[in-house]
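Work through the exercises below on charged side chains and their surroundings. Each task is followed by a solution in steps.

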Amino acid sequence: MRTRLTSTILLGLLACVPPLARTAHAVCGDGIKQPAEACDASAPGGDAACPGACILPPVIERCTCAVPLGDFRAYAIIGGKQVKLGGSTVIVGGSIAATAADGFLALGKDGALPVTGHVVGDKTKVLSRANLGRLFANDPIVARDANLAGGGPYPFRTPLVFATLPAFASFTAGTEDISVAAGQTRILSPGRYGALTVASGGRLRLRGYTGGAGVGRYDIAALKVAFEGRVSADNAVVVNVRERIGIAGRGYLGPSAGEPLLAGDIQVNVAGAAMKLSRGATVVAQVRVPGGKVGVGASATVIGRIIADRVTVSKRAVVALQGGCGDGQRSIAEECDLSAPNGDAACPGDCIPGDPSGLGRIELGQPGQCRCRCESNADCDDGDKCDGEETCQAGICVPGTPPSCDDGNPCTRDCDPARGCVNEPRPDGSGCSDANLCTTNDTCQGGVCVGGPARNCDDDNSCTTDTCVPATGCKRTPLENGAACTDENACTQGDACIRGTCIGGTAVDCDDANPCTAGSCDPVLGCKQTPLPNGTSCAGASPCTTLDACQQGICTSGASQLCSDANPCTADFCTLNGPIEAPVATCGHSQLPNFTPCGANGKVCFNGVCQ
């Protein structure tokens, strides 16, 4: 009785609490659009602030409007019409976008993208087990087991425009071609050049500043880097390319070793059709190809940013976002950066500025930008006698001129950082290049480069003659049209060369004239005969037999009944007449001798009749 009374009293007290004591708390998705919420799609008219873009829990803690990031500096990859990422590709520290209306963006299987980043594309395809942040797409296809950590897909307005993206550079290339031989190192001052070519194992160093700018500017026609070739920059550079860039396997483009530079301190602008990185190549730079394509090969690495009309990243490649001087953020490799909040704390008033607007336009800075001003040459000395003597000029460290130590021998160590020029023999067995492209795995022996095994130039093409020229390497000469060849297809015959390619001829006839086998052709093994099932009716070799049938792939003759006249007193026989390839059966009958037994009860033949 006491318990019931207590409950009644408590209920009465609660009923007396004034309404103001029970103030409502904004809860996203509760069906009420409240002042604390930007939107609430669960409420009538609750998405008026951003129709179709209101995000509900549990993706985030409150109802809000979703729009793609509008700052280009937040993106590792910006494509126009297309962005395609192969399987197991990795994007580090940035978002990706295909900006155009009808732009297509594809994420391969097992791709990994930052969970805090955005993936933006009008038409988007996300394959199995891809992991990403927030997805913006108007026409999405998303695998069920893909992980969208930031939610989506959310619609967005196309095209996606980055209002602060700097205009593309205008420039005029030079005409002087520059070549770096295999194993050679060459230092190139800023200027206008034709095509730059770096042979296998060659080293091209970009060094020096262009007057009135914070960078070394190179306006060139094209750039080609062979296998394991390197193009490196000793200071911030802008490389403008009229045509295209090609970097072969394990090639490199980026800061020189030991230089305190970021990817954004090396900016590459390609006005032509393409920039292609082969398997295992590395680029540490920010790349723009607004009218063409950037192709990143399998297992290649790009640190910086890619902006192009079309971007293709092959499987297992890595693209990592990294900025540069004057991009609004002071990075680890920078002593200071006036464009970033408190970015001059290292040397207040003495930081050499980069882009004052914080957009990372390094050409607007001063030499030595994002560094503290120097007071003496000692402040600039990097302790390396091989790269010249650095000097302090008007508070800015200026690179020196490297000593000329190269003796032209790839088997000597020409310069020691502590001592300068030495020209000491390298250890026996050290890799080198004998300048003969027809040898491989060359090694130093007694201070001399000795050629290794001959290069195998066989391209497995039966329509080319393969030779090797020491100066240029493998050479393929097409055979004349009509020359016999093999297209590696055992099901064709009479193959012939046409413009250096083997074209298959007529189909091989696999009919073995055996009625008890089925002929077929395998491109590798050639003709194959498969026995027909036992008992299959067939036409034997002799037209004098009937009821022929297949047995173990052989046509076995049946009973000889074609010429039977049903007279026991005649001997029946079959004669083949006509051509061998098409014989004709003719029946014949001869009387048995008189008195030949022909039936029961002692019947015998007499004059061809059984009596």
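**Exercise 1.** State whether Asp416 is buried or exposed, then find its salt-bridge partner Arg419 and classify that residue too.

Step 1. Asp416 has a relative accessible area of 11%, which makes it buried (under 20% relative accessible area; exposed is over 50%, partly exposed in between; 1.4 Å probe, protein chains only).
Step 2. A salt bridge links Asp416 to Arg419, with 3.7 Å between the closest N and O atoms; the term requires a side-chain nitrogen of Lys or Arg within 4 Å of a carboxyl oxygen of Asp or Glu.
Step 3. Arg419 is exposed, at 51% relative accessibility.
Step 4. Through shared partners, salt bridges join Arg413, Asp416, Arg419 and Glu424 into one network.

The model is predicted: local features need pLDDT of at least 70, side-chain atom pairs count only at pLDDT 80 or more, and totals for chains, interfaces and linings use all residues. Residues are numbered from 1 along each chain as its sequence is written, and side-chain values use heavy atoms, leaving out hydrogens and water.

**Exercise 2.** Describe the salt bridge between Arg413 and Glu424.

Step 1. The closest N and O atoms of Arg413 and Glu424 are 3.5 Å apart.
Step 2. Arg413 belongs to strand E31 (residues 412-416) and Glu424 to strand E32 (residues 420-425), so the pair ties together parts 11 residues apart in sequence. Strands (E, at least two residues) are DSSP runs, numbered from the N terminus.
Step 3. Arg413 is partly exposed at 33%, and Glu424 is partly exposed at 28%.

Technical notes
Helices (H or I, at least four residues) and strands (E, at least two) are DSSP runs, numbered from the N terminus.
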